[in-house]
Amino acid sequence: MTLPLSTGPHILGKRTTRGIMLDVLIALTPAAAAGVYLFGVRAAWVLGVAVASAVATEALWQRLSHRPLQVGDLSAVVTGLLLGLNLPSSAPLWLAAVGSAFAIVVVKQLFGGIGHNFLNPALAARAVLLTSWPARMTTFFLPERTLLPVASTAMVGDAVTSATPLVKSGTAMIDLFWGNIPGTIGEVCKAAILIGFIYLLVRNVIGPHIPVLFVGTVALMTWLLGGDPLTAILSGGVLLGAVFMATDYVTNPMLIVSQCLFAALCGVIVVVIRQSAGGYPEGVTYAILLMNVLTPLLDKLFKRRAYGEVKQRA
Amino acid sequence: MKKLSFRGGIHPLAKRHEGKAETSGKPIRDFVAECVCIPMDMHMGPPCKPCVQQGEHVKLGQVIGEAVGRFGIPAHASVSGVVTAVGPVQQLRAQPSLCVTIRNDFKDELAALEALGDVESAPKHRIIPAIQAAGICGMGGAGFPTHAKLRLPEGKAVDTIILNGAECETFLTCDHRLMLESPGRIVDGLRAVMRAMGVARGVIAIEDNKPDAIESMRRAAQGRDGVEVAVLKTKYPQGGEKQLVTAVTGREVPGGGLPMDARAVVINVGTAAAIADTVIEGKPLISRVTTVTGAVKDPSNLRLRVGTAFADAIKSAGGYREAPGKIFAGGSMTGTCAPDDSVSATKGTNGIVTLTEREADAAREIQCIRCGRCVMICPARIMPYRLMELYERGELNTAKQEHVKDCIQCGSCSYVCPSKRRLLPSIKSAIEQLARRRNR
C-alpha cells in the first residue's frame with residue numbers, strides 16, 4: 001500500500017470558480033430575459049453572438065497558444081453575456097462578435113487569462129466599440145413592447161433614437177424601473193437587475209457593500225448638485241454596472257475597506273462625467289474602468305493589521 | 001451566555017456535522033494491540049534515547065527511551081512484553097524514526113511512577129517534574145512537551161490557564177467523548193496545573209456544537225476553585241491556540257510570540273486528563289483516545305496504547321469500507337498524511353481518518369480570480385493569495401514583510417479557494433525556506 005502524501009486540508013470546500021461563474025450567469029438571466037422581451041428577437045441574436053464569439057475566441061486562443069482549454073470555467077460566457085447586455089439591440093451582429101473577441105484576446109488573454117486582466121473585459125471592449133463606432137453604439141431602438149405596469153410616458157414603437165438614453169425629464173419612475181425606455185439590452189430593466197442582485201447576495205457570491213455604496217454615492221452626489229437622485233440611479237447603466245461590473249472580483253480591490261472606497265469613487269466619477277459632459281451617457285463604463293486602473297494602487301495603499309501585529313515605533 | 005469567538009474563520013463540512021456525527025455518540029472503547037512500535041520522536045524537541053535492547057522483557061510503563069535535554073521527555077512501554085526490535089521505521093515524518101517495537105504478552109505488569117495523591121493536596125513543586133517524568137506532551141496534535149510549557153521563563157507571568165475543548169477540527173470526537181466520560185479527571189488536571197503555576201483562573205473552553213460536553217464539564221467544575229466553563233462559537237480554527245486566547249481573554253498573542261506573552265497557557269483537555277492520571281495514580285502517558293473514522297465500517301473512539309499501528313486500529317474499527325485513497329493522522333484540515341497504514345499512533349494522534357479514492361482525488365488547480373475569500377476568512381489576517389504569489393515569484397523577503405510567519409497553518413484559505421489553489425502548501429514552503437535561510 002502506498003498512499004498519496006499531501007499537505008492539508010484534505011477535503012476542500014464545494015465552491016468552485018465555475019460554480020461562481022454559473023451563479024453570475026443565473027443572476028444575469030432576468031436582465032437578459034427582460035432585454036429580449038422588451039427589444040425582441042434581435043436582442044437575443046446580439047446576446048447569442050456576443051457569447052458565442054467570446055467562447056470561440058477563448059477556445060481558439062488557448063488552442064493556438066498551446067494552453068490547456070479552460071472555457072469550461074464559464075468566465076468567457078460571463079464576459080460575452082455582459083458585453084451583449086451592454087450593447088444596444090440595434091448593434092450589428094459583427095459588432096458584437098468583434099467586441100467579444102477584443103475583450104477575450106486583448107483585455108483578458110494577453111494579460112495572462114482568467115484572473116490576470118486589470119480591466120473588466122466587457123467594459124473595456126465596450127469602451128473600444130464606443131470610440132470606434134460611436135454612431136452604431138448609440139443608436140437605440142425603442143422597446144417593441146412594454147413591461148407592466150406602464151405610465152403614459154412609456155416609449156414604445158419602431159422609432160429609433162440616436163440621442164442619449166439618459167431619459168428626458170418627465171419620464172415616469174415606473175417606466176424607468178420596468179425598462180419601458182430605450183437603452184442597452186441589459187441596463188433598461190432595473191427590476192430584473194435587482195432580482196439578479198438578490199440572487200448574488202443569497203448565494204454569497206458578492207456582498208452588498210459595493211453596489212450599495214456605488215448607487216448611494218450617485219444618488220447623494222446628484223442630490224447635492226440639485227438633481228433628482230432617483231432618476232439618476234434608475235437611468236443609464238448605473239445599476240447594471242454597480243451590481244455586475246464593479247463587483248468583478250478580478251478588477252476590484254481585495255479588502256472590504258478599499259472596496260468601499262472603490263465603489264464610492266465609482267459613484268463620484270459617474271456624477272462628475274454626467275454633469276460635466278452634459279448628460280453624456282457613458283459615465284458608468286468609464287468610471288468603473290478608471291477605478292479598475294486604480295485598483296492595484298488601492299491594494300497597495302490599504303493594509304490591514306495582521307493578528308498580533310505590534311505597531312512599530314518610529 | 002455570550003458565545004466567545006475570534007475574527008475570521010470558516011465552517012468546514014458544515015453540512016456533514018463537521019464529519020463528527022458518525023462517532024460523537026460512540027463511547028470510548030479500549031483496544032490493545034498484539035504489537036506496538038513506539039517512535040522515540042513523538043514530541044517536539046530532541047528525540048528520546050532508547051534504553052532497552054532487543055530481546056529484553058519490559059513492564060508496562062517502564063522507561064524505554066530516556067529524555068534528552070531540558071525539553072526532552074521520556075517514552076514508556078505501552079504494553080508489557082518482549083522488545084523485538086530497536087531501529088528506524090518509517091513513520092509520519094519525512095525520515096524514518098528510531099522506534100522500539102514490543103510484542104505484547106498481555107500480562108500488563110505495571111511499573112508505575114510515584115503518585116502524588118489528590119490534586120488539591122499534592123506538593124506544588126513536584127507537579128511539573130512529575131509531568132515531565134510521565135512523558136506528557138500536548139495531545140492536541142503538535143506534541144509540545146507540557147512541562148516546558150508550564151515552566152515559565154524568568155519575567156513572564158500568566159493569569160489564565162485555558163483548557164482547549166474546542167475540538168474545532170473536522171472528524172475528531174476524542175476530546176468530546178473524554179469530556180463526557182471523564183470530566184472529573186479533566187478538571188483535576190486543570191487544578192493540578194493551576195496549583196503548580198500559582199494561577200487563580202482556569203477556563204475550560206468548548207464549542208457550542210457540544211452542549212452535552214458543556215453540561216458535563218459545568219457539573220464537574222462545580223465547587224472547584226477558580227474553574228469555569230466558557231462557551232465558544234462553532235467555527236474553525238476556534239481551537240487554534242492564538243484564536244482561543246483571544247476568544248477567552250480578549251487579548252492578542254503578539255506576532256512571533258506564545259500564549260504566555262498574552263498571559264495565558266493553553267492545554268488540551270486530553271493532556272489535562274493525562275496530567276491528572278499522573279499526579280493521582282503515577283501513571284505515565286501510555287495510552288490516549290483516538291477517533292478512527294472516515295471510510296471504515298465501524299467508526300469508533302478507541303483508547304489506544306501508544307505505538308499501535310494504524311492498520312490494527314482500523315481493523316478494530318471494522319476495517320476499511322472500501323480501498324483507502326488517503327489516510328491521515330488528525331482531522332481533514334491539518335491532518336498529516338500517512339504513507340501507508342503501518343505507521344504508529346503516537347501521543348499526539350487524536351484521529352486516524354481514511355478517505356475513499358474518490359474523496360481523496362485532488363481537485364484541479366486554476367488561476368486566482370481575486371475573489372478575496374482567503375483574505376476575508378484568514379484568522380491571522382494576512383493575505384494568503386498575495387503570499388502565494390510572492391512565494392511563486394521567489395520574493396521571500398517581501399513575503400516576510402507581509403507577515404508570512406504569522407500564518408497559523410490552519411488551511412482555511414485552501415479550503416475556501418474556489419480555484420482550488422494550494423495556498424497553505426505555498427505559505428508553508430515560504431516559511432520553511434525562510435527558516436532554512438536563517439539557519440545557513
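Two strands pair if DSSP finds at least two bridges between them. I started my notebook with that rule, and with another: helices (H or I, at least four residues) and strands (E, at least two) are DSSP runs, numbered from the N terminus.

**Ground rules.** I am working on a predicted model, where local features need pLDDT of at least 70, side-chain atom pairs count only at pLDDT 80 or more, and totals for chains, interfaces and linings use all residues. Residues count from 1 along each chain as its sequence is written, while chains are lettered from A and ligands numbered from 1 in the order in which they are written.

**Entry 1, the sheet in chain B.** I looked up strand 15 of chain B and found that it pairs with strand 17 (residues 351-356) of chain B in the antiparallel sense, over five bridges. Stepping back, I read an open sheet of six strands in chain B, ordered 1-14-13-17-15-16, with mixed pairing. Its edges are strand 1 (29-31) and strand 16 (336-337) of chain B, each pairing on one side only.

**Entry 2, a helix on the sheet.** Which strands does helix 3 (residues 174-181) of chain B lie across? I found strand 13 (287-294), strand 14 (300-305) and strand 17 of chain B. Helix 3 of chain B runs at about 130 degrees to strand 13 of chain B (axes are lines fitted to C-alpha atoms, for helices over the stretch in contact, and angles run from 0 to 180 degrees between N-to-C directions).

I counted a contact when C-beta atoms, placed from the backbone, lie within 7 Å. On that basis, 49 residues of chain B touch 35 residues of chain A. Strand 15 (324-329), helix 9 (357-360), helix 13 (412-416) and helix 14 (423-439) of chain B each give two or more residues to the side touching chain A. Strand 15 of chain B gives the most, with four residues.

An automatic or database domain assignment supplies the bounds: domain 1 (138-281) and domain 2 (373-439) of chain B.

I listed 13 helices and two strands for chain A. Among its contacts with a separation of 6 or more, 72% join residues 24 or more positions apart.
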